[in-house]
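Thanks, everyone. I have one structure to show today, and I will keep to one part of it.

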Amino acid sequence: DATVAATGPFRDAVAAFSAIKQELGVAPDERPVPLDDNFVMAFEVRFDVNFDELGDETRAAFQTGLARGDPNVTSLKWKRFYKFWQRTGTSMEDYVATLPAPAPRV
């Protein structure tokens, strides 16, 4: 239930995801959201992350860690990613810099 999620332990995650969707012009109830360049840019602005400085490998690690092999971001995937970040107690930029690089495709 969206009401429970918006008032429970994921309130901040839901608010952040909603803000990113709003920035992208995506309807609040639209799911999933494409993990494209626009999503990445909205994420950078929202969390003060600069992938130009962090590098392509860090950006790829972020996209893999968030979408888990899918080209879309769902609310559930976002909450999981957000929860793991919150556990670190670091800035989002510091967190994404520690994500493991995606495994090479064979």
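I will go through a helix contact and then the aromatic rings around it. This is a predicted model, so please keep that in mind.

Start with helix 3, residues 37-47, and helix 6, residues 75-88. Their axes come within 16 Å of each other and cross at roughly 35 degrees. The crossing of helix 3 past helix 6 is right-handed. On the helix 3 side, the contact is made by Phe39, Phe43 and Phe47. Helix 6 supplies Trp78, Phe81, Tyr82 and Trp85. By class, that contact has seven nonpolar residues, no polar ones and no charged ones.

Now the rings. The structure holds 16 aromatic pairs. One of them is Phe43 with Phe47, a tilted pair at 5.2 Å centre to centre, with 40 degrees between the planes. These two residues sit four apart in helix 3, so about one helical turn separates them. Phe43 is buried, at 0% relative accessible area. Phe47 is also buried, because its relative accessible area is 14% and the cut-off is under 20%.

Phe47 also pairs with Trp78. That pair is tilted too, with 6.0 Å between the centres and 40 degrees between the planes. Here the partners come from distant parts of the chain: Phe47 lies in helix 3 and Trp78 in helix 6, 31 residues apart. Trp78 is buried, with a relative accessible area of 0%.

Which residues do ring pairs link into a cluster? The members are Phe17, Phe39, Phe43, Phe47, Phe51, Phe62, Trp78, Phe81, Tyr82, Trp85 and Tyr95.

That is the part I wanted to show.

Conventions
Residues are numbered from 1 along each chain as its sequence is written. This is a predicted model: local features need pLDDT of at least 70, side-chain atom pairs count only at pLDDT 80 or more; totals for chains, interfaces and linings use all residues. Side-chain values use heavy atoms; hydrogens and water are left out. Axes are lines fitted to C-alpha atoms, for helices over the stretch in contact, and angles run from 0 to 180 degrees between N-to-C directions. A crossing is left-handed if the near helix is turned anticlockwise from the far one by less than a right angle, and right-handed if clockwise. Contact means heavy atoms within 4.5 Å. Ala, Val, Leu, Ile, Met, Phe, Trp, Tyr, Cys and Pro count as nonpolar, Asp, Glu, Lys and Arg as charged, and the others, Gly among them, as polar. Rings of Phe, Tyr and Trp (its six-membered ring) pair if their centres lie within 6.5 Å; planes under 30 degrees apart count as stacked, over 60 as edge-to-face and the rest as tilted. Buried means under 20% relative accessible area, exposed over 50%, partly exposed in between (1.4 Å probe, protein chains only).
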